[in-house]
Amino acid sequence: KKKFWWFMIINNLSKRILSSILLLPLALFFIIKGSFFFNFFIFVCFFFTAYEWHMMTKKKNYHIIGYLFLIFSFYCAYLLRNIDNDEGGLFFLLVIVVCVSSDIGGYVFGKIFKGPKLTKISPKKTYSGVIGSFLSSLIFGLIYIKYLGKKSKILLETDPLFIISLIIFISLVSQIGDLIISYFKRKAKLKDTGKILPGHGGFLDRIDGLIFVMPVVYLHMYIL
């Protein structure tokens, strides 16, 4: 049983890594290029995400609210990327790096260290996974800033303590977003929102944290 358990973890993790290796460079290309390329990329993401939400909640009375939130979230992502062509791209990528590393850190730490369950909403979530999410997002977020932050006035001129707080805050919102989508999946009696991404499930499974992070971060930046 122990060998089978490790095989399942490695197998699922390898699927995640392989699909990420294929998808991340493509996503990075569209995000960095900006303009038409980014607009096309974000429209495709919105289309698949909205479709998965429709299939998951079409018989529920809250599905319209979900559509409206998705439109708002993707519009905030568009605005955040287009704050300034270079600045927006660098900051947008920081948000992506923090969310992705938070998700991976939570998955790896949760599988390895296990421990007490976090909530019944998502039975696989553990407190060790939460700690792993925060640690991973901090490590990779700071590495990103160290090597690419020199090109960004926003990241250079911002107080380091604020940057650290922002990374932790993004990770927290991302984890909450993950739990919210998990709640709706449980109501729909689904394990994944789709099967289009091997090892990840659907688009909504992959960006569940991001769709909550984007509006929160944009509004935070707008207020500041």
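Predicted model: local features only at pLDDT ≥ 70, side-chain atom pairs only at ≥ 80, totals over all residues.
Let's start with H3, which covers residues 63–81. That gives the helix 19 residues, and from its first C-alpha to its last it reaches 27 Å, close to the 27 Å expected at 1.5 Å a residue.

The buried residues of H3 are His 63, Gly 66, Leu 70, Ser 73, Phe 74, Cys 76, Ala 77, Leu 80 and Arg 81. Look down the axis of H3 and these buried residues fall within an arc of 155°, so they line one face of the helix.

## Aromatic pairs

There are 17 aromatic pairs in the whole structure. One of them is Phe 47 with Phe 48: the ring centres are 5.6 Å apart and the planes sit at 80°, so this pair is edge-to-face. Both partners are partly exposed, Phe 47 with a relative accessible area of 47% and Phe 48 with 28%.

Phe 109 and Phe 113 make a tilted pair instead, at 5.4 Å centre to centre and with 45° between the planes. Both belong to helix H4 (residues 85–113), where they are 4 residues apart, or about one turn of the helix. Phe 109 counts as partly exposed at 26% relative accessibility, while Phe 113 is exposed at 54%. If you like phenylalanines, also have a look at the aromatic cluster formed by Phe 29, Phe 30, Phe 36, Phe 37, Phe 40 and Phe 41.

## Charges over rings

Arg 81, one of the buried residues of H3, has its charged end over the ring of Phe 38, 6.0 Å from the ring centre.

## Salt bridges

The search of the whole structure turns up 3 salt bridges. Take Asp 103 and Arg 206, whose side chains meet at 2.3 Å, N to O. Asp 103 lies in helix H4 and Arg 206 in helix H8 (residues 203–206), so the pair ties together parts that are 103 residues apart in sequence. Both ends are partly exposed, with relative accessibilities of 22% for Asp 103 and 21% for Arg 206.

Helix H7 (residues 160–187) contributes Asp 178, which forms a salt bridge with Lys 125; their closest N and O atoms are 3.5 Å apart. Lys 125 is in the loop between H4 and helix H5 (127–148), and the two partners are 53 residues apart, so to speak a link between distant parts of the chain. Asp 178 is buried, with a relative accessible area of 11%, whereas Lys 125 is partly exposed at 26%.

H7 and H8 are also linked to each other, through Lys 185 in H7 and Asp 205 in H8, which are 20 residues apart. The side chains of Asp 205 and Lys 185 meet in a salt bridge at 2.7 Å, N to O. Both of these residues are buried.

Methods. Residues numbered from 1 in each chain as written. Heavy atoms only, no water. Helix = DSSP H or I, 4+ residues; strand = E, 2+ residues; numbered from the N terminus. Expected span 1.5 Å × (residues − 1). Buried < 20%, exposed > 50% of the residue type's maximum accessible area, 1.4 Å probe, protein only. Arc of directions from axis to C-beta. Phe/Tyr/Trp six-rings, centres within 6.5 Å; stacked < 30°, edge-to-face > 60°. Lys NZ or Arg CZ within 6 Å of the ring centre and 35° of its normal. Salt bridge = Lys/Arg side-chain N within 4 Å of Asp/Glu carboxyl O.
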